[in-house]
Amino acid sequence: LKESDAIALFPGGFGTQDEAFECITLGQTGKTVPVPMVLIDKPGGSYWHDWSAYIEKQLLNNGLISPGDRSLYTVTDRLDVAVNQISSFYQVYHSNRYVGEQLVIRLRCQLSEAAIAELNERFSDILVKGQIRSSLALPEEAGDETFELPRLVLHFNQRDLGRLFEMIRAINQLGCPPAELQQHPERK
């Protein structure tokens, strides 16, 4: 998981279940960087849909997970949906890191002021204080290979990781990916 840019899981036994829950848990607790996770069933299959129904009935309905936690993974039986979930995850979003108490989200292209205003409106619930703001690389990031990339900086509550995944998806919809990425969406 540490070196992965995406996770695709197919129906399997206890080992598959263990890997699925471990990946989701590490994503939910922020112990790994956000990566797209797709649970892929055979066409018309119900393995992951039944699994997802269990998660909703037993975990979500009993208040053991947050509604946003369902955004940590995608269940599908269509390969085009799986490919799109993975390739679109890095359209504008590049990566993130913490600098002190701030989450720094690196982007492939600058978001407009209107897009940042929309992010602030939709995702203010995951902020401890302040707003989501546009930034160049912070001084602490000098020498980083992503130094030239535009950034968003925010005081993330480090609790609502499912909502952070939702925000990454929104960033990818609100921004325009660079031309070379449109031609090669699989390149991170």
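Guide: Welcome! A residue counts as buried under 20% relative accessible area, exposed over 50% and partly exposed in between, using a 1.4 Å probe and protein chains only. This is a predicted model, where local features need pLDDT of at least 70, side-chain atom pairs count only at pLDDT 80 or more, and totals for chains, interfaces and linings use all residues. Residues are numbered from 1 along each chain as its sequence is written, and side-chain values use heavy atoms, leaving out hydrogens and water.

Visitor: Why is Asp 144 called buried?

Guide: Its relative accessible area is 17%, and the cut-off is under 20%, so Asp 144 counts as buried. Asp 144 sits in the loop between strand 6 (127-135) and strand 7 (151-156). Leaving aside residues up to four places away in sequence, Asp 144 touches Arg 97, Arg 106 and Arg 151, where contact means heavy atoms within 4.5 Å.

Visitor: Why is helix 4 called roughly antiparallel to helix 5?

Guide: The axes of helix 4 (residues 113-123) and helix 5 (residues 161-174) cross at roughly 155° and come within 11 Å. Angles over 145 degrees count as roughly antiparallel, under 35 as roughly parallel, 65 to 115 as roughly perpendicular and the rest as oblique. That makes helix 4 roughly antiparallel to helix 5.

Visitor: Which residues of helix 4 make the contact?

Guide: Ala 115, Glu 118, Leu 119, Arg 122 and Phe 123 of helix 4 do.

Key. Axes are lines fitted to C-alpha atoms, for helices over the stretch in contact, and angles run from 0 to 180 degrees between N-to-C directions. Helices (H or I, at least four residues) and strands (E, at least two) are DSSP runs, numbered from the N terminus.
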